[in-house]
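Open your viewer and get ready to select a few residues. We will go from stop to stop, and at each one I will tell you what to look for.

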Amino acid sequence: MAIVLHSSPLLWTRLAAMVFACVAFSVAVHGGRLFHGTGDWCIFCWAFSFAGTLLVLLVELFGLQTRAPVSWKNFPITFACYAALLCLSASIIFPLYFLKGSLGPSEIRDYRIVSTVFSCLATIAYMSEVSISKARPGEVAGYMATAPGLLKVCETFLACIIFVFVSDPVLYDRHDALKYCMSVYCICFILSAAIILLCIGECTGCLPFPFARFLSAYALLAVVLYLSATIIWPIFNFDPKHGGTKQRPSSCSNALGLCVWDRLIAVSVLTAVNFILYLADLIYSTRLVFVSA
């Protein structure tokens, strides 16, 4: 089996991202003394990113792209985008839980600082990989290498973060309107994830309707749903008329990480951000339909 190794900015970027992610989780495991479930999430982010990048490098090193059971036009950039978002989340969450107000031994703190720094470096490297790999104007590329494809990745990732914030403790069972918001997050996540899987599996041609028109119709539906959730979620959580509270409780100042009120704010912000992403997705998808026509 021939080994194919072509030096390129993309190759070196992937190698750097893999090394940075490896150092981040190795140092954290070795001396970070992670005691919270959040630490497991950060370790997963770095280890998953490292393992996936290693897999991509090995496939390309041995020239196995044509034998891979996925579309190689779509898989590497999709993974790189998810890895960038995972490392970014770890770069924010890890210092929030393990450096903020840390009173432990200075050696443990140093290990945690090193992990945070390399997590940030891994994030930058993965973002650079996405920038290098994304489709340029007039270039023939897979759907996931285009702006709408990358937006789908961001939309599903933000939805997953929302699920984490609202599930422990459960924040949406107090009112039917909040349950409606939760259904919006679930429906849009499932459909966006299905689109990504169809593109990676090269199954879009199996649909009984034009894929481009489906993308445009779904983007319009998602914009309407997320707009309603962007309005409803803050009203039923922060308006005193609906049992909410405007003021941040004093107990939140001493809480480790994010308290319930902070989580409600975070979900409100993430919902608004996802609405903007879906709006941009609708604009790109509509252009795709008219250009195809």
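Start with a question: does Glu 129 count as buried or exposed? Glu 129 counts as buried, at 4% relative accessibility; buried means under 20% relative accessible area, exposed over 50%, and partly exposed in between (1.4 Å probe, protein chains only). Before you go on, note that this is a predicted model, where local features need pLDDT of at least 70, side-chain atom pairs count only at pLDDT 80 or more, and totals for chains, interfaces and linings use all residues. Residues are numbered from 1 along each chain as its sequence is written, and side-chain values use heavy atoms, with hydrogens and water left out.

**Stop 1: the partner of Glu 129**

Now select Arg 14, which forms a salt bridge with Glu 129, with the closest N and O atoms 2.9 Å apart. (A salt bridge is a side-chain nitrogen of Lys or Arg within 4 Å of a carboxyl oxygen of Asp or Glu.) This pair links distant parts of the chain, as Glu 129 lies in helix H4 and Arg 14 in helix H1, 115 residues apart. Helices here are DSSP runs (H or I, at least four residues), numbered from the N terminus. Arg 14 is buried too, with a relative accessible area of 4%.

**Stop 2: two helices**

Colour H1 (residues 9–31) and H4 (residues 106–133), which pack at an angle of about 160° with their axes 8 Å apart. Axes are lines fitted to C-alpha atoms, for helices over the stretch in contact, and angles run from 0 to 180 degrees between N-to-C directions. H1 and H4 are therefore roughly antiparallel, a term for angles over 145 degrees.

**Stop 3**

A search of the whole structure finds four salt bridges. Select Lys 152 and Asp 281, whose closest N and O atoms are 2.6 Å apart in a salt bridge. Lys 152 is in helix H5 (residues 147–167) and Asp 281 in helix H8 (residues 260–292). Lys 152 counts as buried at 0% relative accessibility, and Asp 281 is buried with a relative accessible area of 0%.

**Stop 4: cysteines**

How many disulfides does the structure hold? The structure holds zero, a disulfide being a pair of cysteine sulfur atoms within 2.5 Å. Select Cys 81: its sulfur is 4.5 Å from the closest cysteine sulfur, in Cys 154, too far for a bond.

Technical notes. Angles under 35 degrees count as roughly parallel, over 145 as roughly antiparallel, 65 to 115 as roughly perpendicular and the rest as oblique.
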